[in-house]
Amino acid sequence: PFWLKRSPDSERTSPWHALFATPPAPPNTAAMSGMAMVGAAANIAHKFVTWPQGTAQGFCNVIKIGTFCRTVVWPCIPPLLMYQYIRGVDEDYYATEVLYYKSGSKDAKAFYDSSRIGISGHWGLQQDI
């Protein structure tokens with residue numbers, strides 16, 4: 001009967017072919033040109049970035065993570081940076097004080113001259129100038 005006859009393309013166009021077909025062989029990376037590899041890397045990076053937005057639940061998770069970062073993480077960054085800066089400056093001043101104390105000198109301006117502009121009063125910079 002005519003309804004049981006198969007055309008030569010029927011296997012390739014059927015939905016079952018897409019499910020049960022063998023996957024294509026991976027490209028030979030040794031034969032790929034430099035720009036082709038850059039393009040493949042860019043494609044993988046794009047898929048990695050856009051993958052969480054693939055489903056509705058994933059899109060909602062992206063929004064939740066973004067809201068968390070804006071409300072919790074971002075406001076914590078400036079105080080932490082200030083703390084690190086103050087800690088670093090304090091450590092430098094402490095080292096200068098210890099050096100001044102152990103040298104036995106009575107001239108504090110030789111170690112840190114506060115009348116100079118910016119950090120140019122530091123003893124190390126004074127020697128460079």
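Of the 129 residues of the chain, 6% count as buried, where buried means under 20% relative accessible area, exposed over 50%, and partly exposed in between (1.4 Å probe, protein chains only). The model is predicted: local features need pLDDT of at least 70, side-chain atom pairs count only at pLDDT 80 or more, and totals for chains, interfaces and linings use all residues. Residues are numbered from 1 along each chain as its sequence is written, and side-chain values use heavy atoms, with hydrogens and water left out.

**Overall fold**

- The chain has five helices and zero strands, both taken as DSSP runs numbered from the N terminus (helices H or I, at least four residues; strands E, at least two).
- Read from the N terminus, the order of elements is α-α-α-α-α.
- Of the contacts (heavy atoms within 4.5 Å) between residues at least 6 apart in sequence, 10% join residues at least 24 apart.
- The chain exposes about 11,600 Å², with 67% of it supplied by carbon and sulfur atoms; accessible areas come from the Shrake-Rupley method with a 1.4 Å probe, and for residues only the protein chains shown count as cover.

**Helix 4**

- The 48 residues of helix 4 should span 70 Å at 1.5 Å a residue, and its end C-alpha atoms are 68 Å apart, which agrees; the expected span is 1.5 Å times one less than the number of residues.
- A kink of about 40° in helix 4 is centred on C69, the bend at a residue being the angle between axes fitted to the seven residues ending there and the seven starting there.
- G104 follows helix 4 and has a positive phi, near 80°.

**V73 and L99**

- V73 lies in helix 4, which covers residues 56–103, and is partly exposed at 36% relative accessibility.
- L99 also belongs to helix 4 and is partly exposed, with a relative accessible area of 35%.
- The C-alpha atoms of L99 and F111 are separated by 8.2 Å, with the two residues 12 apart along the chain.
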